[in-house]
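Trainee: I have a new model open on my screen. Could you show me how to read it?

Mentor: Gladly; let us take it one feature at a time.

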Amino acid sequence: MADVIYKRLFFDWGGRCAYCDVGLSRQKTGGKVKASIDHFIPLAKGGPNSRSNRVLSCYPCNLAKGDTDPRETNQWPHIERRLAEIAAAPLISHRRLKEILPELVKQVYA
């Protein structure tokens, strides 16, 4: 299941870290920059474990953000806007996701 969530995040965020915009690997552990799934509003601070609260993040940005709650710091308003867009977008099927990911990977590394 985590692999499907990661693939969806890779698609939703265009294969790039939500915080620093670095291109990430299609595989969570592949590539030069490790990727991670970050809860924008930390679970420990009441954030939901849902698509509308998960971002694709490089490992260094995830570590730097830690348990920072953007509601308290007013950081990353562009990410909040993108999460709202993602939440409003229809969820594509896993089969369709598998079909379009290779093209997205090409675009990230072009």
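Trainee: What percentage of the 110 residues in the protein chain do buried residues make up?

Mentor: Buried means under 20% relative accessible area, exposed over 50%, and partly exposed in between, with a 1.4 Å probe and protein chains only. Here buried residues make up 40% of the 110. Before going on, remember that this is a predicted model, where local features need pLDDT of at least 70, side-chain atom pairs count only at pLDDT 80 or more, and totals for chains, interfaces and linings use all residues. Residues are numbered from 1 along each chain as its sequence is written, and side-chain values use heavy atoms, leaving out hydrogens and water.

Trainee: What is the mean pLDDT of the protein chain?

Mentor: pLDDT is the predictor's confidence in each residue, from 0 to 100. Where it is low, the predicted coordinates should not be read in detail. The chain has a mean of 89, and 94% of its residues reach 70 or more.

Trainee: How many helices and strands does the protein chain have?

Mentor: Helices (H or I, at least four residues) and strands (E, at least two) are DSSP runs, numbered from the N terminus. This chain has five helices and two strands, in the order α-β-β-α-α-α-α from the N terminus.

Trainee: Let us look at Arg 54. Which side chain of opposite charge is nearest to Arg 54?

Mentor: For charge, Lys and Arg count as positive and Asp and Glu as negative, while His and the chain ends are not counted. A salt bridge is a side-chain nitrogen of Lys or Arg within 4 Å of a carboxyl oxygen of Asp or Glu. Arg 54 lies in strand β2 and is buried without a salt bridge; the nearest opposite charge is on Asp 12, 7.7 Å away.

Trainee: Which residues is Arg 54 in contact with?

Mentor: Contact means heavy atoms within 4.5 Å. Setting aside neighbours within four places in sequence, the partners of Arg 54 include Ile 5, Leu 9, Trp 13 and Leu 83.

Trainee: And Gly 47: is Gly 47 buried or exposed?

Mentor: Gly 47 sits in the loop between β1 (35-39) and β2. With a relative accessible area of 11%, Gly 47 counts as buried. Apart from residues up to four places away in sequence, Gly 47 touches Ile 41, Pro 42 and Asn 53.
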